[in-house]
Amino acid sequence: MTVSEPAVAVAHPNIALVKYWGKRDEDLVLPFADSLSMTLDVFPTTTAVRLDPAAGADHVVMDGAVARGEVLHRTVRFLELVRERAGRRERAVVDTRNTVPVGAGLASSASGFAALALAAAHAYGLPGDSRALSRLARRGSGSAARSVFGGFVVWQAGTPDAPDPDQDSYAEPVTDARLDAALVAVVLESGPKPVSSREAMRHTVATAAPYRDWLADCRAALVRMREALRGGDMTTVGEIAEHNALGMHAAMEAARPAVRYRTAASDAVLGHVRALREEGVGAWATMDAGPNVKVLCAGADAGRIADRMRAVTGAPVVVARSGPGAGLRAED
Ligand code: 2P0
């Protein structure tokens, strides 16, 4: 056997409450603004990386199938970065397993690149702490920087005039949050999305006039959100999150041509969430680069909100709570 023992890492998706949408540097994956998320306890990605000194190319398997095209390209590009930093040349065998449908708007790229960053860094002997790992994961997919940590997490955009901007943008846990929040995900569609978020955010930045206002709003929202997390103020957290998500979708829809992830089914769920609030139930909606609606609520309310959503939509509903950061796992 020429291949090394595998390094196996597990990471979970995260859901942004103040969203990341738009890069100021495409190559380094540097965002325009800070974002804030909650790492979830569902749908982990498990990734094993072994080095194969005899191989002439990286071999990537995703969910049992040999990866090709864009998935292979992004993975190899990421491995090249790790090899460059580690001063190593061996090619890798990567075996990654998602438990969430790829492209379903439930952030498989966040858990995917967080797990790959940890497993690859370990396999190639790349030294570094969690902050360095977050910076590395960011290069694979922006939101992956946040999945390195558990609980509530802020991804710092970094300052544009920093001497080394790559060093300056990383995620860190929000250590003073005092909120037990849950997420009720209404899975309307689980197929691949029509437009990748990478392409959609580029197009929004370039062509949507309201984008600048939304971005300014994100900066203010982040400050207020941190305060609300500190104070355990579920209502303020929910209101900020819903406003921020709907503002992001409004900006996309103002792009030319429009980027539309919201469907009639999404709008119906948004209506059910409003109806819950009118009944006095603390429920707020958030949406990402897909039609699925996730309902943010206090942990104690998640069960009854999930029951309601199942009853009124007939769609599969998943309840997620706060989950852990990325970690290494012993091999099976
Ligand atoms: C977020 N999303 O903050 C936002 C909200 C989707 C909507 O981060 O181009 O897959 O790989 O850096 O991280 C999805 O974008 O994008 C995302 P890239 P990513 O969660």
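1. Two strands are said to pair if DSSP finds at least two bridges between them. Helices (H or I, at least four residues) and strands (E, at least two) are DSSP runs, numbered from the N terminus.

2. A word on the model before going further. It is a predicted one, in which local features need pLDDT of at least 70 and side-chain atom pairs count only at pLDDT 80 or more, while totals for chains, interfaces and linings use all residues. Residue numbers run from 1 along each chain as its sequence is written.

3. Inside that sheet, strand β1 (residues 7–11) pairs with strand β6 (residues 45–52) in the antiparallel sense, over five bridges. To find one of these by eye, look for V10, whose bridge partner in β6 is T46. Axes here are lines fitted to C-alpha atoms, for helices over the stretch in contact, and angles run from 0 to 180 degrees between N-to-C directions.

4. Helix α2 also has a helix partner: α1 (residues 69–86) packs with α2 at an angle of about 40°, their axes 11 Å apart. From α1, the residues T75, F78, L79 and V82 meet F113, L116, A120 and A121 of α2. Sorted by class, this contact has seven nonpolar, one polar and no charged residues. (Ala, Val, Leu, Ile, Met, Phe, Trp, Tyr, Cys and Pro count as nonpolar, Asp, Glu, Lys and Arg as charged, and the others, Gly among them, as polar.) Contact means that the C-beta atoms of two residues, placed from the backbone, lie within 7 Å.

5. Another helix pair worth a look is α9 (residues 264–278) with α10 (residues 302–313), packed at an angle of about 135° with axes 11 Å apart. The two are therefore oblique to each other; angles under 35 degrees count as roughly parallel, over 145 as roughly antiparallel, 65 to 115 as roughly perpendicular and the rest as oblique. V269, H272 and L276 of α9 meet I305, R308, M309, V312 and T313 of α10. The residues of this contact divide into five nonpolar, two polar and one charged.

6. Do take a moment over V186, in strand β12 (residues 181–186). V186 is buried, with 25 other C-beta atoms within 10 Å. The cut-offs are 20 or more such neighbours for buried, 12 or fewer for exposed, and partly exposed in between, with C-beta atoms placed from the backbone. Leaving out residues up to four places away in sequence, V186 touches V269, N292, V293, V295, M309, T313, A315 and V317. The C-alpha atoms of V186 and V293 are 5.5 Å apart, although 107 residues separate the two along the chain.

7. Lastly, some backbone details. R256 and P257 are joined by a cis peptide bond, with omega about -10°, and P257 lies in the loop between α8 (234–253) and α9. V29, in the loop between β3 (23–25) and β4 (30–31), has a phi near 55°, a positive value in a residue other than glycine. V29 counts as buried, with 23 C-beta neighbours inside 10 Å. D63 has a positive phi too, near 50°, and is partly exposed with 14 C-beta neighbours inside 10 Å.
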